[in-house]
Amino acid sequence: MISSGLAVSFFLLLHIGTQAFEILPGDSVNHWKITERAILNATLQACRSLALAEGTNFNFPAQPFTAENVAAACGASQSSKTFRLAILSIQLRNIQVDIRYALNSSFHFDGEMFVQGKKIITDGLVAVKASNKMENYETARQKLGEIMHPLQDFYSHSNWVELGYRLPNSNLIRAGTSIGDIADKSRATCRSCDGDDCTNNILEDIIAGKILTSGYFGLKPFVSTKPSGKCSHGGILDQTSNIKPKGGINKDSFKSSHGHLHTQAANLAIAATSQMLEDIRLAARDTAFLQMVGISRGSSRALCFVTDTSQSMSDDIAVVKTVTNSIINSNKGTENEPSLYILVPFSDPGFGPLIRTADDTLFKDIVDHLTATGGGDNEEMSLSGLQLALSSAPFNSDIFLFTDAPAKDKHLKNTVIALIERTQTVVNFMITDSVVTNRRKRSNSNQPQTRMIAESDAQLYRDLAQASGGQAIEVTKDELPAATTIITQFARSSVVTLLQASRSRGQTDSFNFIVDETVSNPTVYITGRSLTFTITSPTGASQQSTDSRGSLITSTTTVGNFKTLQLQKQVGQWGIRIESNNPYTLRVIGQSPVDFLFDFVEPSEGPFGGFDSLDTRPRAGVNGRLLVSITGSDSATVTEVALVESSKGSEETLGVVESQGDGNFLVQFDVIPVVEFVVRVKGRVQGSSNDFQRQSPTNFRASNLTLTANSENIFIPGTLLSVPFTVASNGPDGNVTIRAFNSGGFESTFPTILLLEGGNSTNGTVTLSAPMNTPSGSDVILTIEAESPDGTDSNYIMLRFSIINSFNDFTHPECELLNRESNCTENCSLTAWNIYVRVTDSEAGVDRVGLIQGNGTFNTSLEAGNAGITLVSYAASCCAPEMEMLVVDRVGNVGTCRFTARDSVSIGVSQSLFLCLRIVALGHFIFKLSEH
């Protein structure tokens, strides 16, 4: 009988055929492509496994695999954007290793740094599994991308391929195991190449003895060196390759010293990466693994509330309860079902705790138990609550903040804006009892109000809403239920922004937006007072705000300062002209699978070139670059990318678009604007007769300050974490103000003032200390902010750390056969066998046990008096004489135990046979490792 994993393997090989990974001969591919292919394959494996468990069919998508067709095969087309985002996040973190750790041999397995390189992988794997267990998936992705790099480099930089191995070195991901015999430091491993021919430069005794070695690498002429007789990495940059023995052994590309083995090295890299992903999947379970890669069955969006719980908020809290129940009840089991629920209460003096769960029943219960209490003075900790939510909400989230009070923590404004920019999160404020609504309410009811938000305090909320592309909706408490329809609309899947703009001073202005064939439910949101507008359709027909009988606007709702217009769908360019003497915001949304992602990137200053994604604001007034990725379509292309002034006018900075393949585009701008801007993308889906237009709701700012920081991203409780940072500027001399915030509320020290001389840089250090009882797998986000001496400019950097308590447990659970009963004869259909097994783990304890091969009756129970031990009973027909079970401990160590009806047992570390069988197709893989 073939195991389920083996059956999947054969099916995949037959389904994919020999053309699965072919590209044009002579081309080589880098870490980017290897990583993408491995993630796509592992995701299909997880989706198929989940379908089998649910008893549903699973159909593999057509070749080539893409984020879009894999998401569709998983029944989660609405997740294609978050899936692509997760892949990009892992890819960018992978290639950053070549930039940020270019000369750290351990990250590349150079210079025979096998022990150190393996430790990077195994320690990182512990962090990934711990983060997944705590549902901190972004932190898991960050670490995963980092450890993929050395894992992939092993096959290009070592002699594993030259030793004749055709399967991955599985022990690279298993601490406490041997990866093979490593050459002593004094042992010669190479001879000089014969001119440019390095085919046989590894010594015969090294090959015959299966001895591991790797090339040494150095950049500095006359200084770089290597031990006598050792191999070099090779290539034009490697100065050690000019020292005897000359040449190199890397297989990074077809042009490399051992480029004739590039295909085999790349195949092993993809197989090894897939094997590690399989290990992570088995440790996390299918659903958690899919969430890590951005796949969910619902809308892939979070429902996130930040709510004031002070005494005066009882009516508002009742609305939060109503809208929560409505969204959960109406969307359960549909593509609009939120994948995550977040709640952050706040009042004064406290805020939190943050509630974060995927359990809708639990979330409803928590919200239903919210009560209004406390709030001794007029101000509340609203920005602290918002800051906590922004630190935990997924990328591209929508947050709704409910309050009737001004912020007590106004000093957090810049930090909150930094979090908004970095997470590209939209924040909508539901404000009751502002000075405007109170004035209107008093005029209607002649009742005095005891608490209200002054105009200047309300402006703070408006500024934050504008920065995020959200709305600051100001209503009376009686009007609030009607205003919450916006929450229901944003809870839908595949919401895209067609246009977003604001005018801080009242003025007449005209705006254009495009509705393409893929867009449904086009909707206009306007916040502001005493304004009029005219809508013009693609056919030239128009309708004014005063015209209730027009056909362009199918429905309209006005609540407080908030107006919603539902448009008739007409494909083409629309226009809207707004006349007002007051500030206003405008946002046009729709539902469409086609959207875009982007990252600010800059050329690497390292030796190997490439682009590094920015963790900070881009530099103002100089050239800059964006990496843009289209989601939701495999055939869409980008025709225009512009940085559009967002609050004072509509000036545009157009970029030069260059396709990078696979839906990715590099966009270069001659100058990054010095004013706030949004990113607008235009393009066309193949077969469409009209362009599409999408826009980032988030407003971005550039800065003349440069802020850099880099630190080990694993944080061990009870130890002091030091994060050095550097601030630079071409401005005048002066004192730069420093602020630092960490989402865990940990003890921290940092300099509040640094003297910065114009044209130079200055250094500082932030220290963090986490309590010993901080759960392993928790994460903490550190935001460091620098403000210019005159207070008109600021920049920030955000760093994410994974908290790990220990790296001491790398042993998977053990299986002890207690009893076997078997009366199997030649006539198997008339006989049966059964076994009783005790599963134990001496360190963390057993997390779960599952059947992965066998069709008998499988039962588990906890041993009486010991919850850390699992007892297994299994009974089957003698016609199915084998069984295999998966055993996982509480820190994610994965093993398998195999039993038969006869006297044999096998206990070991789990391997996916799917991965091994894929190596059969080695001759048809053509992948490229990067130049280093």
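1. β28 runs parallel to strand β35 (residues 794-803) and is joined to β35 by two bridges, and the bridge partner of I714 in β35 is S802.

2. This is a predicted model, in which local features need pLDDT of at least 70 and side-chain atom pairs count only at pLDDT 80 or more, while totals for chains, interfaces and linings use all residues. Residues are numbered from 1 along each chain as its sequence is written, and side-chain values use heavy atoms, with hydrogens and water left out.

3. A further open sheet has four strands in the order β10-β16-β12-β13, with antiparallel pairing. Its edges are β10 (509-515) and β13 (542-544), each with a single partner strand, so one side of each is left without a neighbour in the sheet. From one strand to the next the twist averages 20°, where axes are lines fitted to C-alpha atoms (for helices over the stretch in contact) and angles run from 0 to 180 degrees between N-to-C directions. Within this sheet, strand β12 (residues 531-536) pairs with β13 in the antiparallel sense over three bridges, and T536 has S542 of β13 as its bridge partner.

4. Strand β40 (residues 866-877) is joined by eight bridges to strand β37 (residues 832-840), the two running antiparallel, and R838 has L871 in β40 as its bridge partner. β40 also pairs in the antiparallel sense with strand β39 (residues 857-863), here over seven bridges, with V872 in β40 as the bridge partner of T860. β39 and β40 form a hairpin with two residues between them, and G865 in the turn has a positive phi of about 80°.

5. Helix α4 (residues 80-100) has 21 residues and reaches 30 Å from its first C-alpha to its last, close to the 30 Å expected at 1.5 Å a residue, the expected span being 1.5 Å times one less than the number of residues. α4 is mostly covered, with 16 of its 21 residues buried (buried is under 20% relative accessible area, exposed over 50%, and partly exposed in between, with a 1.4 Å probe and protein chains only).

6. P583 lies in the loop between β16 (572-580) and β17 (584-591), and at 44% relative accessibility P583 counts as partly exposed. The C-alpha atoms of P583 and R462 are separated by 9.9 Å, although these residues are 121 residues apart along the chain.

7. The count comes to six cavities of 30 Å³ or more, a cavity being a set of points, on a 1 Å grid over the protein atoms alone, where a 1.4 Å probe fits but cannot get out, and its lining residues having an atom within 4 Å of a point. The largest cavity has a volume of about 60 Å³, a volume being the space filled by probe spheres set on the points, which are joined across faces, edges and corners. Its lining includes S299, R301, D398 and F490. β3 (302-308), β6 (398-403) and α17 (485-490) are the elements that give two or more residues to this lining.

Key: On a 1 Å grid over the protein atoms alone, a cavity is a set of points where a 1.4 Å probe fits but cannot get out, and a pocket is an open set with protein on both sides within 12 Å along at least five of seven lines; lining residues have an atom within 4 Å of a point. Two strands pair if DSSP finds at least two bridges between them.
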